[in-house]
Amino acid sequence: MTNLIEFLPLLMRGLQITLLLAVCTLILGVLLGLVLAMAKLSKNPWISRPVFAVTNFLRGIPEFLILLIIFFGGTQVLGNILGPESSITVSPFGAGLTALTIVFGSYASETFRAAFQSVPKGQLEAAHACGFTRWQTFRYIQMPQIWRVAIPGLSNLWQGAVKDTALVSIVGLDDLMRSANQAAQTSREPFTFYLAAALMFLAITLVSMWLIGLLEKRANRGF
Amino acid sequence: MGKIIEILSQYGPDLLSGLFLTVQLVTLAAILGFLLAIPVALGRLSKNPLIFGLTSAYSMFFRGTPLLIQLFLVYYGLGQFEFIRDSILWPILREAYVCALITFVLNTAAYTGEVVRGGILAVPKGEIEAAKAHGMSSFTAYRYIILPRAFSICLPAYSNEVIILLKGTALASTITMMELMGVSQLAASRTFMPIQVFAIAGILYYLLTLTITRLFALLEARFTKYITHAR
């Protein structure tokens with residue numbers, strides 16, 4: 001117990017980095033998901049087919065593998081460009097953010113695709129007839145309705161992203177998981193600290209479930 | 001391309017044995033996890049507050065925390081307790097394979113429990129009433145009517161859980177297991193060609209995902225025969 005209090009600041013610092021990574025992933029992942037969903041709905045098969053193929057592939061391989069490809073592969077590519085003497089490596093945060101965003105975006109593209117398709121075509125035609133530009137149609141007709149449909153799917157992806165941040169500790173990010181590792185090794189009480197970290201993750205999950213509930217209520221007003 | 005052939009000729013057998021271990025872990029964890037998921041689902045549907053509370057807490061913990069932490073809790077964490085280190089089970093619990101399997105089973109059973117619970121709730125009420133009207137005991141009704149019906153209902157969702165399980169087994173490499181991911185990491189660091197090695201691993205994982213999807217499509221066709229025949 002005394003150990004737990006001693007290492008609490010370390011765990012809290014880790015928690016901050018975990019949350020920062022998860023929030024950045026959410027923002028970039030939603031943007032990537034929207035772009036990919038629009039590409040999938042494109043009438044041009046040269047755009048939609050490759051996007052389908054790539055996102056299906058990415059959803060079929062382990063997140064951990066994607067992370068390692070970006071982390072070690074990124075270093076390999078930089079080494080090839082800059083020559084073998086360069087000691088530039090990819091930062092764990094950058095690699096983690098890229099990998100988690102790619103994973104989030106691939107899944108979110110399916111969520112958004114279904115959401116886009118849930119908006120009746122007649123509304124888009126009506127918007128067109130009223131002289132809305134494409135951006136205006138997106139902003140005022142599609143967006144308010146898409147959110148409502150997409151929130152449950154996105155909420156699952158957010159929970160997944162929070163849990164996946166733990167993987168980035170393996171390539172050296174000082175997140176909650178790595179703080180727990182350090183505390184576990186120093187104190188020789190691994191169970192205590194992994195359990196403490198697990199409960200912190202659980203707390204994030206519970207708090208975000210509550211926030212998403214509020215968000216859903218707001219998105220569903222009028223229905 | 002030449003590099004990929006070089007890697008395959010050098011590490012091909014290792015990659016194959018890693019692939020075999022991954023398949024073995026997924027198969028065992030999927031079967032044991034599904035068997036455990038049934039009592040979990042029944043517990044989550046129980047009216048007894050103690051049983052409901054315990055299974056819900058279990059389900060919440062394993063679904064709400066990262067698999068990596070669960071793996072470390074079992075592999076590194078259990079050794080903290082003297083009574084576990086002194087017990088006769090310790091030589092078994094010290095093995096990475098056993099720890100990985102225990103974690104994957106507990107993890108997938110928590111997720112699958114929710115799937116099975118959904119399946120049980122989706123069994124048409126009339127069928128359950130008919131079973132009762134025929135004088136079936138609660139056990140008989142579950143054994144012959146509700147569970148088989150729930151099984152066919154939740155198969156599509158269950159196939160997703162098995163794919164998630166497959167992707168989760170990649171983490172076994174972090175506790176020294178030489179499954180597909182572990183072998184790939186070793187080959188990547190020895191050959192200094194991580195992109196090529198991981199690309200091979202990615203293709204193998206994707207093939208496994210496709211195989212699981214295909215297997216479940218066959219299972220679904222088999223277990224929903226009564227619906228297709230009726231049409």
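A residue is counted as buried here if 20 or more other C-beta atoms lie within 10 Å of its own. By this criterion, in the predicted model, buried residues make up 39% of the 223 residues in chain A. For chain B, 39% of its 231 residues count as buried.

The secondary structure of chain A consists of 8 helices and 0 strands, and its elements accordingly read α-α-α-α-α-α-α-α from the N terminus on. The C-alpha trace of chain A spans about 70 × 50 × 25 Å along its principal axes. Among contacts in chain A between residues at least 6 apart in sequence, 78% join residues at least 24 apart.

Chain B comprises 11 helices and 0 strands, with the pattern α-α-α-α-α-α-α-α-α-α-α along the sequence. Its C-alpha trace extends over about 70 × 55 × 25 Å along the principal axes. In chain B, residues 24 or more positions apart account for 76% of the contacts with a separation of 6 or more.

The contact between the two chains draws 28 residues from chain A and 28 residues from chain B. On the side of chain A that touches chain B, at least two residues each are supplied by helix H3 (63-82), helix H6 (134-168), helix H7 (176-187) and helix H8 (190-219) of chain A. The most is given by H8(A), with 9 residues. By residue class, this side of chain A divides into 21 nonpolar, 4 polar and 3 charged residues.

The largest nonpolar core contains 116 residues, of which Leu65(A), Leu67(A), Ala197(A) and Ile69(B) touch the most other members. When residues up to four places away in sequence are not counted, Leu67(A) touches Ala95(A), Gly96(A), Ala99(A), Leu167(A), Val168(A) and Val171(A).

Helix H2 of chain B was examined individually. This helix covers residues 49-64, and its 16 residues should span 22 Å at 1.5 Å a residue; the end C-alpha atoms are 21 Å apart, which agrees with that expectation. Within H2(B), the residues Thr55(B), Ser59(B), Phe62(B) and Gly64(B) are buried. An α-helix has 3.6 residues a turn, so residues three or four places apart point the same way. The buried residues of H2(B) pack against helix H1 (2-45), helix H3 (67-77) and helix H6 (96-121) of chain B, together with H8 of chain A.

Technical notes:
Residues are numbered from 1 along each chain as its sequence is written. Chains are lettered from A and ligands numbered from 1 in the order in which they are written. This is a predicted model: local features need pLDDT of at least 70, side-chain atom pairs count only at pLDDT 80 or more; totals for chains, interfaces and linings use all residues. A nonpolar core is a set of buried Ala, Val, Leu, Ile, Met, Phe, Trp, Tyr and Cys residues joined through C-beta atoms within 7 Å. A residue is buried if 20 or more other C-beta atoms lie within 10 Å of its own, exposed if 12 or fewer, and partly exposed in between; C-beta atoms are placed from the backbone. Two residues are in contact if their C-beta atoms, placed from the backbone, lie within 7 Å. Helices (H or I, at least four residues) and strands (E, at least two) are DSSP runs, numbered from the N terminus. Ala, Val, Leu, Ile, Met, Phe, Trp, Tyr, Cys and Pro count as nonpolar, Asp, Glu, Lys and Arg as charged, and the others, Gly among them, as polar. The expected span of a helix is 1.5 Å times one less than its number of residues.
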